[in-house]
Amino acid sequence: MKVTIGLPVYNTRPFLADALRSIFAQTHRDWELVAIDDGSNDGSIDILESVDDPRVRVIRDEKRLGLPARLNQMVNVAKGEYFVRMDSDDMLHPERIERQLAFFSENSSVDLLGTGSFAIDVGNVPVGARGLTPRVMTPRFIIDKGPIHHPTIMGKLSWFKANRYDETYHRGQDRELFCRVYKHTTFAHIPQPLYLYRDVGTVTLAKYVAVCQAQRKLLCRYGREMAGLAGAISLATKTTLKELIYRFCFLTHTEQFVIKRRNNPLTQFQRADFDRIMKRIAATPVPGLDENTEGKYPCLLAS
């Protein structure tokens, strides 16, 4: 078993079938999927339990524990050499796992590896891309931007077992982990869009404010060490200003325009690649999901 894909699920029924299809569309097929339902009440568990494939394990306990607790739980039961993250309202590029494994085979000293992303809206329409330039993994960059976009992460399972998520961080648990381990962890980034991130239409003001608050909490804890006192104050000020801007945008119902500006426009080549990816995912069957549900969970891409 080369790779364990960890899929935490909480009330993402409209997008979950496509997330599963993107897993089954992977060119690398030596994987297991550990899907943990985090107390969903929208029927997401029915979609998960309809899948009929020995590589898929579904865990449910009808409790709401939160993302960091579920990530630690997935690591506990994973059997792969590598652990792969994704969110249940997103999709994987069909070659994501293959390309990340190829990178690890050529760079054995790397512990954690992320990728760039296509940004999509709730209708699977591309709105841009991000993470397409190389990253210099300085301490200040790690605490400010984060070395890796969390759902794109692949890492050695042994690393995740030795470095647990702090379950008291309901937001920003990835950045807290990265700040805690940066001195003894080698980060790397593939500047190619190997992930489809649902960026527009799913962000709420409460979520964004919580992220900003978590960032300031991290700056209080790690900022002086990683960015210096002046740098930590500057970053905290920037985070506060961003929160105020988003509050105003949500108040005036212009938040989607601001969110879109976080992404770079797609080139003609990238748009063609995106269309190819979507067609491949849409054409990928999921055993049980298609045969046993009489079209109950159709692929959104086909609509």
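Leu33 touches Ile5, Leu7, Leu20, Ile23, Arg55, Val56 and Arg57, leaving aside residues up to four places away in sequence; contact here means heavy atoms within 4.5 Å. The model is a predicted one, so to speak of local features takes pLDDT of at least 70 and side-chain atom pairs count only at pLDDT 80 or more, while totals for chains, interfaces and linings use all residues. Residues are numbered from 1 along each chain as its sequence is written, and side-chain values use heavy atoms, with hydrogens and water left out.

Leu33 also turns up in the largest nonpolar core, which has 34 residues; Val3, Ile5, Leu7 and Leu33 touch the most other members. A nonpolar core is a set of buried Ala, Val, Leu, Ile, Met, Phe, Trp, Tyr and Cys residues joined through side-chain atoms within 4.5 Å. Buried means under 20% relative accessible area, exposed over 50%, and partly exposed in between, with a 1.4 Å probe and protein chains only. Two or more residues of this core come from each of strand 1 (3-9), helix 1 (13-24), strand 2 (31-37), helix 2 (44-50), strand 4 (82-85), helix 4 and strand 9 (187-200). Helix 1 gives the largest share, six residues. Helices (H or I, at least four residues) and strands (E, at least two) are DSSP runs, numbered from the N terminus. There is also a second, separate core of 29 residues, with Ala78, Phe83, Ile143 and Tyr165 among them.

Strand 6 (residues 112-121) pairs with strand 7 in the antiparallel sense over four bridges; strands pair if DSSP finds at least two bridges between them. Phe118 has Ala129 of strand 7 as its bridge partner. Four residues lie between the two strands of this hairpin, and Asn124 in the turn has a positive phi of about 65 degrees. Strand 7 (residues 126-130) is largely enclosed by the rest of the structure, because five of its five residues are buried.

Pro94 sits in the loop between strand 5 (91-92) and helix 4 (96-106), and counts as buried because its relative accessibility is 1%. Beyond four places in sequence, Pro94 touches Ala25, Gln26, Thr27, Ile277 and Arg280. Pro94 and Arg21 are 73 residues apart in sequence, yet 9.7 Å apart in space, C-alpha to C-alpha.

Asp166 belongs to the loop between helix 6 (157-162) and helix 7 (173-181). Not counting residues up to four places away in sequence, Asp166 touches Pro68, Gln173, Glu176, Arg180 and Arg221.
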